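Let us walk through this structure step by step. Keep the model in view as you read.

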Amino acid sequence: MKTLNQITKILIAIEDSQYSERAAGYGFDLAEKLHASVALLHVNEVPVGTSYIADPMLNESQVVLPDLIQLQDESSKKLLDRISEVYAGRVPTYTYTKLGNPRDEILATAEEWGADMIILGTHGRTGFDHFISGSVSEKVVRKAKCPVLIIPNKEFQEEQA
């Protein structure tokens with residue numbers, strides 16, 4: 001395992017949430033101090049079910065699965081661009097959009113890019129919410145080949161206390 005001074009590539013997994021904003025800020029601060037590059041990754045989950053989505057009772061027009069995937073991709077690119085712009089020029093930054101299971105895609109991208117560290121935010125869910133949603137963070141920590149830094153959502157955790 002590399003020492004802190006040997007970390008040159010940090011993968012930051014983000015979603016469109018305040019948890020990811022906090023993780024991105026922390027990740028870019030750390031990357032700047034370590035003179036490391038950053039890869040921002042957003043994973044779109046594969047929509048499940050039918051080949052189209054609509055509620056005929058509400059007279060909604062159908063959204064075909066390929067259209068939904070394209071909309072997700074465009075939304076991902078906007079998110080990655082927005083976060084990249086906030087931290088522009090601080091460190092070399094790369095962006096990746098993947099389609100699939102978040103845990104698997106985070107681990108695969110870390111491996112492909114040669115990440116020395118993975119950073120991600122956590123919702124801080126507990127109990128039934130945690131059981132239903134699972135924890136991507138937990139699953140990444142268990143399988144990652146490099147250190148994983150999880151940035152907690154303190155406000156949520158304080159509300160639960």
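Predicted model: local features only at pLDDT ≥ 70, side-chain atom pairs only at ≥ 80, totals over all residues.

Helices α3 and α5 are oblique to each other. Two packed helices are described by an angle and a distance, both taken from their axes. Here, α3 spans residues 102-113 and α5 spans residues 136-143. Their axes lie 9 Å apart, at an angle of about 40 degrees. The crossing of α3 past α5 is right-handed.

Which residues meet where α3 packs on α5? From α3 come P102, R103, I106 and L107. From α5 come V136, K139, V140 and K143. By class, this contact has five nonpolar and three charged residues, but no polar ones.

Now turn to the interior. In soluble globular proteins, nonpolar side chains tend to be buried together. The largest nonpolar core in this model has 21 residues. I10, I12, I14, F28, L40, I83 and I119 touch the most other members. At least two residues come from each of β1 (9-13), α1, β2, α2 (65-86) and β6 (117-121). Helix α1 gives the most, with six residues.

Finally, find H35. This residue sits in the loop between α1 (18-34) and β2 (37-44). Is H35 buried or exposed? Its relative accessible area is 72%, so H35 is exposed.

Terms used. Residues numbered from 1 in each chain as written. Heavy atoms only, no water. Helix = DSSP H or I, 4+ residues; strand = E, 2+ residues; numbered from the N terminus. Buried < 20%, exposed > 50% of the residue type's maximum accessible area, 1.4 Å probe, protein only. Axes fitted to C-alpha atoms, helices over the stretch in contact; angles between N-to-C directions. Parallel < 35°, antiparallel > 145°, perpendicular 65-115°, else oblique. Left-handed = near helix turned anticlockwise from the far one by under 90°. Contact = heavy atoms within 4.5 Å. Nonpolar A, V, L, I, M, F, W, Y, C, P; charged D, E, K, R; others polar. Core = buried A, V, L, I, M, F, W, Y, C linked by side-chain atoms within 4.5 Å.
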